[in-house]
Amino acid sequence: MEAKLLGIGERNDGVLAVLQQLRSQYTFDSLHQQIEKQQAAGYQIVYAHKEGEVVGVAGFVMGEKLAWGNHIYIDDLVTSEHCRNTGVGTFLLQWFKRFAKQNAVQQIHLDSGVQRFAAHRFYLREGFNIASHHFSMLDV
């Protein structure tokens, strides 16, 4: 398995197909357009591929905050449905740890929907802590 960063403006239908499993409200075209828009603001995508197939995707931003210092925030992390429980998610998180060290980043953060119990078990097993509750105000 290998990891690769998606280039700015690059379209990879394998990446879109896996990411759409998490973000099903998008079509391929609208998802690609949204990614390009977010890339202009610093969003990046790393994807895992094996034997020419995209098996996992993670979208993220790097930033700096008073509370966290230099950090990576993982917006989107998804393993292809037919590759779950095969080590793809662990592979991507290991990539993030190496990438963080290479870029003087001290912390990695993400949010996970309260209903995603299997994801929570995975994140806890991988060394994440439940550090806060995330509050949101919709339709402002």
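In what order do the strands form the open sheet, and what is the pairing?

Tutor: This is a predicted model, in which local features need pLDDT of at least 70 and side-chain atom pairs count only at pLDDT 80 or more, while totals for chains, interfaces and linings use all residues. Residues are numbered from 1 along each chain as its sequence is written, and side-chain values use heavy atoms, with hydrogens and water left out.

The open sheet has 5 strands in the order β1-β2-β3-β4-β5, and the pairing is mixed. Strands (E, at least two residues) and helices (H or I, at least four) are DSSP runs numbered from the N terminus; two strands pair if DSSP finds at least two bridges between them. β1 (2–5) and β5 stand at the edges with a single partner strand each, so one side of each has no neighbour in the sheet. On average, neighbouring strands are turned by 30° against each other, direction ignored; the axes are lines fitted to C-alpha atoms, for helices over the stretch in contact, and angles run from 0 to 180 degrees between N-to-C directions.

I72 has I108 in β5 as its bridge partner. Between β4 and β5 the chain passes through helix α3 (residues 88–102), and this β-α-β crossover is right-handed, that is, clockwise from the first strand over the helix to the second when the strands point away from the viewer.

Along with F96, I72 has the most contacts inside the largest nonpolar core, which has 23 residues. Such a core is a set of buried Ala, Val, Leu, Ile, Met, Phe, Trp, Tyr and Cys residues joined through side-chain atoms within 4.5 Å, where buried means under 20% relative accessible area with a 1.4 Å probe, protein chains only. Two or more residues each come from β2, β3, β4, α3 and α4 (117–125), and α3 gives the most, with 8 residues. Leaving out residues up to four places away in sequence, I72 touches residues including F60, M62, F99 and V105; contact means heavy atoms within 4.5 Å.

Another core, of 13 residues, lies apart from that one and includes V15, L19, Y43 and I45. Helix α1 (residues 13–22) lies across β2, β3 (53–65) and β4, running at about 90° to β4.

Definitions and conventions: Buried means under 20% relative accessible area, exposed over 50%, partly exposed in between (1.4 Å probe, protein chains only).
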